[in-house]
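Hi everyone, thanks for making time this morning. I'd like to walk you through one model, so please have a look at the screen and we'll go through it together.

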Amino acid sequence: MTESEVRKLLRQMKEWDSQTAFRRFYDLTYDRLFRIAYYYVKREEWSQEIVLDIFLKLWEQRNTLPEVRNIEDYCFVITKNASLNYLEKEMRRSAYTDNELPESPESDYNPEDELISEELFARYVKALDRLPERCREVFIRIREEKQSYAQVAEELGISTKTVDAQLQKATGRLKEMIMSVEID
């Protein structure tokens with residue numbers, strides 16, 4: 001989906017309170033936002049809850065969304081922040097219920113390394129979204145969901161050689177896009 005198509009959906013959400021446009025926007029962006037949330041919280045159910053809360057907020061903010069300069073980056077930032085806030089809330093709740101103090105931060109914490117890591121992750125997510133659908137699906141199933149080649153081949157109705165070829169294609173394109181100076 002192109003930037004102009006996303007802009008059109010955002011305008012429809014604002015001008016017509018279009019739930020259909022919002023549903024299309026949701027369908028296009030849910031997986032990406034889920035992956036971002038999961039990167040931070042490492043729990044599927046928490047990630048789902050975070051992303052659903054984000055979409056509720058996006059619907060409530062639909063009148064201002066068309067003015068957002070880069071909706072892709074905006075969604076990344078709000079998902080990251082929501083995930084970190086959720087983690088903090090869960091840590092406090094856990095510490096309270098366990099009568100323990102939260103762990104202190106590591107002494108070797110380096111904000112520069114964290115910033116670089118987050119920037120690379122943002123590039124990875126953007127690059128993954130730009131892969132052809134079949135390449136992206138094979139890559140996610142093999143690398144993120146840890147499925148076997150045979151399992152992916154059977155579920156997608158393709159040969160294991162095709163799975164391997166799609167994975168190599170996805171990996172090559174991802175490396176290219178991540179290493180490029182500018183993805184946008």
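What you see is a predicted model. The chain has 8 helices and 0 strands, and reading along the sequence the pattern is simply α-α-α-α-α-α-α-α. Of the 184 residues in the chain, 40% are buried. If you take the contacts with a separation of 6 or more, 63% of them are between residues 24 or more positions apart.

Now back to my question. When two helices pack, we describe them by the angle between their axes and the distance between those axes. Here the pair is helix α2, residues 19-41, and helix α3, residues 44-60, whose axes come within 8 Å and cross at roughly 140°. That angle makes α2 oblique to α3, because only angles over 145 degrees would count as roughly antiparallel. And the answer on the hand: the crossing of α2 past α3 is right-handed.

Who takes part in that packing? On the α2 side the residues include F22, F25, Y26, Y30, L33, F34 and V41. On the α3 side they meet a set that includes W46, I50, V51, L52, F55, L58 and W59.

Next, the loops on either side of α2. Most residues other than glycine have a negative phi. Two residues here go the other way. D17 is in the loop between α1, residues 3-16, and α2, and its phi is positive, near 50°. With a relative accessibility of 39%, D17 counts as partly exposed. At the other end, K42 is in the loop between α2 and α3, and although K42 is not a glycine, its phi is positive at about 60°.

Staying with α2, take a look at R35, which lies in that helix. Is R35 buried or exposed? R35 is buried, because its relative accessible area is 11% and the cut-off for buried is under 20%. Which residues does R35 contact, leaving aside neighbours within four places in sequence? They are F121, V125, L128, D129, I140 and E144. As for Q48, R35 is 13 residues from it in sequence, and the C-alpha to C-alpha distance is 9.7 Å.

Let's move on to helix α5, residues 111-129, where we find E118. E118 also counts as buried, since its relative accessibility is 12%. Its side chain makes a polar contact of 2.6 Å with the side chain of K80.

Last stop, the cysteines. A disulfide is a covalent bond between the sulfur atoms of two cysteines. How many disulfides does the count come to? The count is 0.

To recap the opening question, α2 passes α3 in a right-handed crossing, and the angle of roughly 140° makes the pair oblique.

How values were computed: Residues are numbered from 1 along each chain as its sequence is written. This is a predicted model: local features need pLDDT of at least 70, side-chain atom pairs count only at pLDDT 80 or more; totals for chains, interfaces and linings use all residues. Side-chain values use heavy atoms; hydrogens and water are left out. Helices (H or I, at least four residues) and strands (E, at least two) are DSSP runs, numbered from the N terminus. Buried means under 20% relative accessible area, exposed over 50%, partly exposed in between (1.4 Å probe, protein chains only). A polar contact is a pair of N or O atoms within 3.5 Å; within protein, one must be able to donate a hydrogen and the other to accept it, and residues adjacent in sequence count only if both atoms are side-chain atoms. A disulfide is a pair of cysteine sulfur atoms within 2.5 Å. Axes are lines fitted to C-alpha atoms, for helices over the stretch in contact, and angles run from 0 to 180 degrees between N-to-C directions. Angles under 35 degrees count as roughly parallel, over 145 as roughly antiparallel, 65 to 115 as roughly perpendicular and the rest as oblique. A crossing is left-handed if the near helix is turned anticlockwise from the far one by less than a right angle, and right-handed if clockwise. Contact means heavy atoms within 4.5 Å.
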